[in-house]
Amino acid sequence: IMRFNATSANKNGTLTVTATNKNKYPVDFGIEIWKSPYIEPAVTLSSNQKEKPKFPYKNIADYDFSSYSRTASPPKKGDTFTFTFTTPVDPESIQVWTGLSYLPRYLVTIGRVQISEAGKTYQDVAQLSYGKATIYPDGTVKAVRIICDVDGTADNAVPIQDLRIIPRKTK
């Protein structure tokens with residue numbers, strides 16, 4: 001899988017792909033390109049848990065779903081992971097994932113998700129199920145917080161995934 005981005009240097013969104021076949025026999029291939037359904041607003045992750053240096057918390061801001069951040073140790077009751085957007089977002093939904101996307105281990109198994117409109121006060125909006133939750137906010141969101149509700153909710157240090165944010169459809 002290859003991921004291509006249209007950056008500010010490529011404002012018209014065009015993409016040129018050149019493929020060269022160095023085999024002596026022809027090889028058929030196809031390319032499909034589609035727009036991601038997710039938005040990628042600037043975001044930071046903060047936590048009372050220390051990050052594992054090899055998997056820093058800044059990894060959740062790249063919106064590359066094959067990368068992730070990881071804690072340095074297993075979580076404890078009351079540990080928090082807070083995603084704060086530079087500018088509030090108006091999402092249709094936000095998917096919050098802990099653990100590895102390809103392996104059902106290392107999850108925050110018992111926890112909840114909170115959101116904040118201004119980044120100051122939070123309200124509970126979902127319980128984690130198998131380390132994941134999808135929330136459907138009524139309005140704008142400045143911050144999303146994961147709270148661990150029990151000690152030892154993981155076999156090991158916990159990976160935190162990039163948020164998957166579906167924008168609200170305009171009328």
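The second largest pocket has a volume of about 190 Å³, the volume being the space filled by probe spheres set on grid points that are joined across faces, edges and corners. A pocket here is an open set of points on a 1 Å grid over the protein atoms alone, where a 1.4 Å probe fits, with protein on both sides within 12 Å along at least five of seven lines; lining residues have an atom within 4 Å of a point. Of its 13 lining residues, Ile 115, Glu 117, Gln 123, Asp 138 and Thr 140 are the closest to the centre of this pocket. Both β5 and β6 (123-127) contribute at least two residues to the lining. By type, the lining holds six nonpolar, five polar and two charged residues; Ala, Val, Leu, Ile, Met, Phe, Trp, Tyr, Cys and Pro count as nonpolar, Asp, Glu, Lys and Arg as charged, and the others, Gly among them, as polar.

A word on the model: it is predicted, with local features needing pLDDT of at least 70 and side-chain atom pairs pLDDT 80 or more, while totals for chains, interfaces and linings use all residues. Residues are numbered from 1 along each chain as its sequence is written, and side-chain values use heavy atoms, leaving out hydrogens and water.

Now to the fold. The protein chain has 10 strands and zero helices, where strands are DSSP runs of E with at least two residues and helices are runs of H or I with at least four. Of its 171 residues, 38% count as buried, that is, under 20% relative accessible area with a 1.4 Å probe, protein chains only.

Gln 49 sits in the loop between β1 (43-47) and β2 (69-70). Why does Gln 49 count as buried? Because its relative accessibility is 8%.

| Side-chain pair | Polar contact |
|---|---|
| Gln 49 and Ser 73 | 3.3 Å |
| Gln 49 and Asp 79 | 3.0 Å |

Gln 49 also touches Tyr 57 and Phe 81, among others.

Conventions
Buried means under 20% relative accessible area, exposed over 50%, partly exposed in between (1.4 Å probe, protein chains only). A polar contact is a pair of N or O atoms within 3.5 Å; within protein, one must be able to donate a hydrogen and the other to accept it, and residues adjacent in sequence count only if both atoms are side-chain atoms. Contact means heavy atoms within 4.5 Å. Lists of a residue's contacts leave out its neighbours within four places in sequence.
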